[in-house]
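Hi there,

Here is the structure I promised to pass on to you. Have a look at it first, and then read on for what turned up in it.

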Amino acid sequence: MSKAILNRGLILLMVTCFSVTAKAVIDSTYSHSISVENSSTAISDALKLSGTTVKKRFFFSVYKLSHFMAKPSVNFASKEVLITFILNADTQQRLELEFLRDVTREQIEEALMEGIERNNVDADLSKIKEDIKRLSAGFQDEVKKHSTLTLSRAPSDKLSVFFNNTLVVETENKALANALWSIWFGKDPIVDTEDLVQNLLAN
């Protein structure tokens, strides 16, 4: 067999394997992007910053969290009413995390599940744990300082997750979206929720 024929055979094999892998990804409930970089802000330019806070752990700043949403057409009587509105996903929203230190993918998984467990004490979270693992498969093993994680949620319960502005997951898993939002807006949030809605409360 000539070297040229062997090279063509190897190329054909590589193309075939890539096609099978891509199809498996597309057919999955969790659509993971394999190459195309998508801006996490382009799909929601109309959203306004409602507030920002910093998550700390053992006196270390871990990430900066910003919440964006379309400004409601009505005023809310209290912070609690506004939080209920946010949790019910009655409007398009976006959560942006900018990491302020290097972390690992496993640490992100653990932190997400810790927040979910804290706000869903009586729930069976076995399925959610698997969902979080699938979601984090799109992250780098070593997440560097200033990396970003963006969660974009539409009223239709479509959840889009971006890592460094690249779409890694798109799903309509309402239970997963609710669980993620409960981390920061649940009954026992891991940050000061009032900071995340201060702009809406002030106006």
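Helix 4 (residues 126-136) and helix 5 pack at an angle of about 85°, and their axes lie 10 Å apart. Helices here are DSSP runs of H or I with at least four residues, strands are runs of E with at least two, and both are numbered from the N terminus. An axis is a line fitted to C-alpha atoms, for helices over the stretch in contact, and angles run from 0 to 180 degrees between N-to-C directions. Helix 4 and helix 5 are therefore roughly perpendicular to each other (the word covers 65 to 115 degrees). On the helix 4 side, Ile-128, Asp-131, Ile-132 and Leu-135 meet Ala-175, Leu-176, Ala-179 and Leu-180 of helix 5, where contact means heavy atoms within 4.5 Å. These residues divide into 7 nonpolar, no polar and 1 charged. Nonpolar means Ala, Val, Leu, Ile, Met, Phe, Trp, Tyr, Cys and Pro, charged means Asp, Glu, Lys and Arg, and the others, Gly among them, are polar.

Before you go further, please keep in mind that this is a predicted model, in which local features need pLDDT of at least 70 and side-chain atom pairs count only at pLDDT 80 or more, while totals for chains, interfaces and linings use all residues. Residues are numbered from 1 along each chain as its sequence is written, and side-chain values use heavy atoms, with hydrogens and water left out.

Strand 7 (residues 159-163) pairs with strand 8 (residues 166-171) in the antiparallel sense over 5 bridges. Leu-159 is opposite Thr-171, and Ser-160 has Glu-170 as its bridge partner. The hairpin of these strands has 2 residues between them, and Asn-164 takes a positive phi near 50° there.

Which element gives the most to the lining of the largest pocket? That is helix 3, with 8 residues. By class, the lining has 12 nonpolar, 2 polar and 7 charged residues.

Enjoy exploring!

Definitions and conventions:
Two strands pair if DSSP finds at least two bridges between them. Angles under 35 degrees count as roughly parallel, over 145 as roughly antiparallel, 65 to 115 as roughly perpendicular and the rest as oblique.
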